[in-house]
Amino acid sequence: MKKKFGTIALALIIGLTVVAIGLGFLFGPANPIPWVLMGGLALVVFFYNRREVESQLVWKDEYSVGVEKVDDDHKQLITLLNRFQTAYEYHTGEEFERTALNELINYTRYHFDREEELMKEHEYPDIEAHKAQHAAMIAEVEQFQKDYQARGHEALEGVATYLNEWLINHINGTDKLYVPYMADKR
Ligand SMILES: [Fe+2]
């Protein structure tokens, strides 16, 4: 919701500034005010776009667990999380929002299964504790899904930020613990 108001406010500022620039040029090109406004406008747009990019997750090499197919899954999860966040923040419509949420949940289930299979294969000793974290997360996202069915868009407030933080903390904490057991398993 906040993002929508932010976008409207930005559009309003741009609109008013463009009008002011037009009016300023009525006094001739030597008038410095429209030139200053144009510079200011360029800066506002630049910083707004940069903020947009920063608010989304971006894969970093430091997230790597050294197993290519797990890294690929994590990259895909980041893509789906960003898609879900965009669907929520820009009010893209219920169908897109619901699809993005379902895709994210389905891929999370698929990835957890794959990761658990891999841990089993390599006899990772803390597999049960790790599986318990996965199960707790699945229970949480199923609750998000139920809340969304009951309350719609408003039920998703804060969910993307929560999931972003959970994923990065899980990769950097819990997932990395199995790295030594899979060092040669690409
Ligand atoms: Fe995991």
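A search of the whole structure, which is a predicted model, finds four salt bridges.

**Salt bridges**

| Glu 103 | Arg 83 | 3.3 Å |

The side chains of Glu 103 and Arg 83 meet in a salt bridge. This pair links distant parts of the chain, with Glu 103 in helix H4 and Arg 83 in helix H3, 20 residues apart. Glu 103 is partly exposed, at 34% relative accessibility, and Arg 83 is likewise classed as partly exposed, with a relative accessible area of 34%.

Glu 142 lies in helix H5 (residues 127-151) and Arg 109 in helix H4, so the pair ties together parts that are 33 residues apart in sequence. The relative accessible area of Glu 142 is 32%, which makes the residue partly exposed. Arg 109 is partly exposed as well, at 31% relative accessibility.

Two packed helices are described by the angle between their axes and the distance between the axes. For helix H3 (residues 68-89) and helix H4 (residues 94-121), the axes come within 9 Å and cross at roughly 160°. Angles over 145 degrees count as roughly antiparallel, and H3 and H4 are therefore roughly antiparallel to each other. H3 passes H4 in a left-handed crossing. By class, the contact of H3 with H4 has 14 nonpolar, four polar and seven charged residues. The salt bridge of Glu 103 with Arg 83 has one partner in each of these helices.

The axes of H4 and H5 come within 11 Å and cross at roughly 170°. H4 and H5 are therefore also roughly antiparallel to each other, and their crossing is left-handed. The contact of H4 with H5 has nine nonpolar, six polar and nine charged residues.

**Iron site**

The iron ion is coordinated by Glu 115 (OE), His 130 (NE2), His 134 (NE2), His 170 (NE2) and Asp 175 (OD), at 2.0 to 2.4 Å. In sequence, the donor residues follow the spacing E-x14-H-x3-H-x35-H-x4-D.

**Individual residues**

Phe 112 is found in helix H4. With a relative accessible area of 4%, Phe 112 is buried. The C-alpha atoms of Phe 112 and Gln 133 lie 10 Å apart in space, and the two residues are 21 residues apart in sequence.

Most residues other than glycine have a negative phi. Glu 123, although not a glycine, has a positive phi of about 50°. Glu 123 is located in the loop between H4 and H5, and with 66% relative accessibility it counts as exposed.

Gly 66 is placed in the loop between helix H2 (32-54) and H3. Gly 66 is partly exposed, with a relative accessible area of 22%. Between Gly 66 and Asn 102, which are 36 residues apart along the chain, the C-alpha separation is 28 Å.

Notes: Residues numbered from 1 in each chain as written. Predicted model: local features only at pLDDT ≥ 70, side-chain atom pairs only at ≥ 80, totals over all residues. Heavy atoms only, no water. Axes fitted to C-alpha atoms, helices over the stretch in contact; angles between N-to-C directions. Helix = DSSP H or I, 4+ residues; strand = E, 2+ residues; numbered from the N terminus. Parallel < 35°, antiparallel > 145°, perpendicular 65-115°, else oblique. Left-handed = near helix turned anticlockwise from the far one by under 90°. Nonpolar A, V, L, I, M, F, W, Y, C, P; charged D, E, K, R; others polar. Buried < 20%, exposed > 50% of the residue type's maximum accessible area, 1.4 Å probe, protein only. Donors = N, O, S within 2.8 Å, 3.2 Å for Na, K, Ca; no water.
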